[in-house]
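Hi,

Here's the structure I said I'd pass on. Have a look at it first, and my notes follow below.

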Amino acid sequence: MYLMILTIFVLTIHSLTNAKYIVNRYDDIKCNLDTKLINEIASYKNVTRMIMDEIIANGHGHNMYQQYSNFIDTFGARPSGSDILEKSIDHMINLTIQNGLPTVQTEEVEVPLWVRGHESVAMIKPHPKNIAVIGLGSSVSTPPEGITAEVIVIRSFKELEKTDDNNIKGKIVLFDAHYITYGNTVRYRSQGASKASKKGAVASLIRSITPFSIYSPHTGAQFYEANVTKIPTAAITLEDADLLRRFQDQGEKIILNIKMFNIHGLKKSRNTIVDLKGKEYPEKFVIVSGHIDSWDVGQGAMDDGGGMIISWFAPVILNLLHLKPRRTVRAILWTSEEPGLIGAAAYLNKHINELSNINFIMESDEGTFSPQGLDVAGSNTARCIIAEILKLFSPVDKMTNSGGPGSDITLFVEKGIPGASLLNENERYFWFHHSEGDTMNVQNNVDVIDCAAFWAAISYVIADISIDIPRH
Ligand SMILES: [Zn+2]
């Protein structure tokens, strides 16, 4: 009882002062680690401090940030299947070698190409107005004259199901689902077109998957189910979704003309692999990763330029500092994440018989704002060991268990490989995500350098400790 009251009190204080911290920083796990292992982990304090000092205070992080900023400004958006993506991969290969690490290789992957052409949405009724629009990845085109049809605004899949097919047939469905969390709301983007098509819609639109907008439409992947008529699909802004909703509530008839022209195909791309070979177990890997491709809007600075660069930097800086962990630290720059984890799936397939060699897998693909800790998936013992390692990085020692950390690495975590994604102060991440707003202006050199320091140092400890991260 006392404990409960105290907990409530502490929680209240925390939520008043600093809502981002949780009281128990390692959620509910009960740990019973060997004292020897606890002492061994604690003995890494000096080396982790040295790695982080070299990166934060001695200029290595500054150099990395310059290389990152130069990369983003040189290549900008790097969509799957594009020549610019391949040039950006070549650049990272050269940069790795220039930074003194020749152990860089690529693995070929067949990836989808989807090139956005002209897109426009014109409101015809109740009055003429241009509606800002962005097509969703893999959407089919409209006929040249576009699709002109009445709009029905639907809040949820449940509401769609309940609506008589006759009220959907021949119409454009607008899914006006308000943002709750990304995981919860993104299904309207990925599945909306197929669900609307099954009810007879001729096109579908979504309210952009973001909690905030200054009239910015946000793109992203969508997937047609087999055997449904593929209808064009796109995102509009929160402002216009609200406007159309108000018109419908007032009983106004809404008519839009949608024009979208896209090119589809298949291309060759590459996953990029940078190894710092382990001195004792070179065949065992601690993988740090981010994706090098982006959507075709903005600069892909945040998603996932930041996560890609800090992951690439981990083996590079450890090598520059002449640190050789027992196991190999392998950075993977995944290709073609955005159309549906294509690069990661290819890597998994190619290495399916060697998965037992992956000791731990990490990913940064949810922002490189101020680092907070790790979202960890794995056995109780695995999580206890990571929690113990995180103590070295206090106050960057928060640990959560969302059940499915990361994006690309979910494929590996599902196979029982312990893994983690970077926790950071990314409350504003989805404001910019998959929009023209994802530029270098979203990034901050201090935060990205802090993330890089944490990422390199913790990957070193995990790769060097005497025991493997246990799967059970
Ligand atoms: Zn991403």
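Aspartate 303 and aspartate 365 are both buried, and in this predicted model they sit among the protein donors of the zinc ion, together with His291 through its NE2. Along the chain the donors follow the spacing H-x11-D-x61-D. Aspartate 303 is in helix H10 and aspartate 365 in the loop between strands E11 and E12, so the pair ties together parts 62 residues apart in sequence. If you're thinking about setting up the metal, note that the geometry is irregular, because the angles subtended by the four donor atoms span 52 to 147°.

On to charges: the whole structure has 20 salt bridges. One of them pairs arginine 270 with aspartate 90, at 2.9 Å between the closest N and O atoms. Arginine 270 belongs to strand E8 and aspartate 90 to helix H5, so this contact links parts 180 residues apart in sequence. Arginine 270 counts as buried at 17% relative accessibility, while aspartate 90 is partly exposed at 35%.

Another bridge joins aspartate 176 and arginine 155, with 3.2 Å between the closest N and O atoms. Here aspartate 176 is buried, with a relative accessible area of 1%, whereas arginine 155 is partly exposed at 39%. Both belong to one network of salt bridges with shared partners, which also takes in Arg207, Asp242, Arg245 and Asp249.

Lysine 253 and glutamate 150 also meet in a salt bridge, at 3.9 Å from N to O.

Cheers

Note on methods:
Residues numbered from 1 in each chain as written. Predicted model: local features only at pLDDT ≥ 70, side-chain atom pairs only at ≥ 80, totals over all residues. Heavy atoms only, no water. Donors = N, O, S within 2.8 Å, 3.2 Å for Na, K, Ca; no water. Tetrahedral: all angles 85-135°; square planar, octahedral: opposite > 155°, others 65-115°. Helix = DSSP H or I, 4+ residues; strand = E, 2+ residues; numbered from the N terminus. Buried < 20%, exposed > 50% of the residue type's maximum accessible area, 1.4 Å probe, protein only. Salt bridge = Lys/Arg side-chain N within 4 Å of Asp/Glu carboxyl O.
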